[in-house]
Amino acid sequence: MHPILLDLGFFQLPTYGLLLATGVVAALWTLRLRADGAGMNGPHLVDFALWLVIWALVGAKLLLIIVELPRYLRDPASLFGVFRAGGVFLGGFLAAIVAAVVLLRRYKLRALPTFDVISPSLALGHAIGRIGCLMAGCCWGAACDLPWAITYTDPIAAERLGTPLHQALHPFPIYSALFNFSLYLGLVWLFKRPHAQGRVFATYLVFYGMGRFALEWTRGDAARGFVLDGFLSTSQLISLGLIAVGAGLHVWISRRRAP
């Protein structure tokens, strides 16, 4: 792990920030290529997606504050740390969906084709962002005695994020990065095949929800918050909602296409 990629004394370049920006650029670039290849207006969709990114960043930080509200109430000064944190991805995703609903009419875009072309790039950007999590020391895993367990050693991560040092942990960011990259490849394959409008987006919702729900059992940090007396995390609860919405959308698409 390398929380600080470049330290000039008067300036520090955080590895997470660089990889987050890389993920956004890669997502927008592949979005434009995919949109142009499908006969859609690539630059117009990229402009639309940029607004979703902004909303997503705000939503991710807002959900982080909500799930860790007791800590911030005890120590209001720690709120400044939110500006360094990426936040909770699912909070950003929900905020981006709200923004999309608001902006679709302004950009004169149809919802389902737009969500279809964006979904693969969302998974790709998320995969790259998770590598940033690994470098920063956030979103660490639960205790692990498997051969591929990892240990964090950088005191900066412990000071800023509370990362546990010198303990064998599940490499949750690696799990998540591999899962999201696999999801990206699968969605690209599906997008290139003949498909009903909304099918790619619905598939993203179902598979991301299932993957995130399962992977949450390997996490050890408390930033996600818990419900049901600590048994189910906030992210798992939202994931169940994504699965339900995605499955419902699949059924609706099939029935709409039926004779």
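Start by selecting Ile 118 in H5: a kink of about 30° lies there, shortly before the proline Pro 120. The bend at a residue is the angle between axes fitted to the seven residues ending there and the seven starting there. Helices are DSSP runs of H or I with at least four residues, strands are E runs with at least two, and both are numbered from the N terminus.

A quick note on what's on screen: this is a predicted model, where local features need pLDDT of at least 70, side-chain atom pairs count only at pLDDT 80 or more, and totals for chains, interfaces and linings use all residues. Residues are numbered from 1 along each chain as its sequence is written, and side-chain values use heavy atoms, leaving out hydrogens and water.

Now select all of H5, residues 111-136. Of its 26 residues, 23 are buried (under 20% relative accessible area; exposed is over 50%, partly exposed in between, with a 1.4 Å probe and protein chains only). Step just past H5 to Gly 137, which takes a positive phi of about 95°.

Next stop: H8, residues 199-215. This helix is mostly covered too, with 13 of its 17 residues buried.

Finally, jump to S1 (4-7) and S2 (12-14). They pair in the antiparallel sense over 3 bridges (pairing takes at least two DSSP bridges), and Ile 4 has Pro 14 as its bridge partner in S2. In the turn of this hairpin, click Gly 9, with a positive phi of about 90°.

Note on methods: The expected span of a helix is 1.5 Å times one less than its number of residues.
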